[in-house]
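The following account considers charged and aromatic side-chain contacts in turn.

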Amino acid sequence: MATKMILAASVRERVLRLFARGGVLVYLVVLVLAFGIANSQFLSPGTLFAIISVSCPLMVVSAAMTMCLICAEVDLSVVGVVGLSSTLTALLISQNLPWPVAVAVAVVAGGVIGAINGILTGHLVPVMPFFPSFFPTLATTALALGVAEAMLPSKQAVAISNPDFATVFGFAGTFNVPILYALAVVGFVHLLLTRTSFGYRIQAVGANRRASPLVGTNVKRTKFWVLTVSGLLAGFGGVLTAGFFQAGYSQLGKGYDLDAIGAAVIGGTALFGGKGSVIATVWGVLVLAVLNTGLQLIQVEPAIQLAAKGALVVTAVAVDLYVRRRLAVS
């Protein structure tokens, strides 16, 4: 009897550890199978490829958000940065500037917003124990959106008609080049977090902000660069968004903040810092994309789609907490 109990406990612990490492894949497989059964069109190569394609801008923004969360920060300004950078890209190209110049300006603008976030956050680090970046990034969201809307007095999207830009950043055709850009960004952030001293400092600051200075880590500088890089990546995400829509508009980044946080959390990134994987976040992005696409195919109302997304994120957080507590006890 005792042997059976020990074996059962061992099996349970292995299942919990397996779920802790790859729970996001379980969500993905379950959703794909469920929507495939509900609508056979969902499993067609065209639909699956479209899911991956539409996820590219969010993958880039979510990679940046994962880095921030690991450092115990949150970058809400990605909404404004994506809107601003997409608007800049479209406006500059419409003014007959070379598209590489437009892209560079859009990405740099994101970096400037990120640097402002980093500077303001540095002054709040000694005052606020958790998420000092919450207030600055909330403010710079309004700043970025205000600038973008000021450049669009007609409040209408600016179309991009440059064929070269469409070739490099467009999502038409049998293979979308932006997929390579998204994978490159994910690979860059993954290497940054796992193979560099800067990545070690990010995780150290996120795990224990008070203890990290004792081993020589400059907390303010680390958070500054994390938010600056986040702004640069969000700016590039705005360029990809402009490429997807072949247009720029201040509101194109709406919802990116919550989706990016949700994807990271579904992928197992800790909300309070110190732990996370950008690779797992990519799977989290695909989970959200599968959920959105599947619900649209079965014609679920938008309000229900939003509620389902929120329920999925809450479930992921609850399951993650349960699994980790059980593993800690055992």
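A salt bridge is understood here as a side-chain nitrogen of Lys or Arg within 4 Å of a carboxyl oxygen of Asp or Glu. In this predicted model, the side chains of D259 and K309 form such a contact, with an N to O distance of 3.2 Å.

The structure holds two salt bridges. In the other, the side chains of K223 and E73 meet at 2.4 Å, N to O. Distant parts of the chain are linked by this pair: K223 is in helix 9 (residues 219–245), whereas E73 is in the loop between helix 2 (45–70) and helix 3 (78–94), 150 residues apart. K223 is buried at 2% relative accessibility, and E73 is buried at 0%.

Ten aromatic pairs are present. One of them joins F169 and F236, whose ring centres are 6.3 Å apart and whose planes lie at 70 degrees, so the pair is edge-to-face. F169 lies in helix 6 (residues 163–169) and F236 in helix 9, so parts 67 residues apart in sequence are tied together. F169 is buried at 4% relative accessibility, as is F236 at 17%. Both residues belong to a cluster in which ring pairs link W99, F165, F169, Y181 and F236.

Terms used:
Residues numbered from 1 in each chain as written. Predicted model: local features only at pLDDT ≥ 70, side-chain atom pairs only at ≥ 80, totals over all residues. Heavy atoms only, no water. Helix = DSSP H or I, 4+ residues; strand = E, 2+ residues; numbered from the N terminus. Buried < 20%, exposed > 50% of the residue type's maximum accessible area, 1.4 Å probe, protein only. Phe/Tyr/Trp six-rings, centres within 6.5 Å; stacked < 30°, edge-to-face > 60°.
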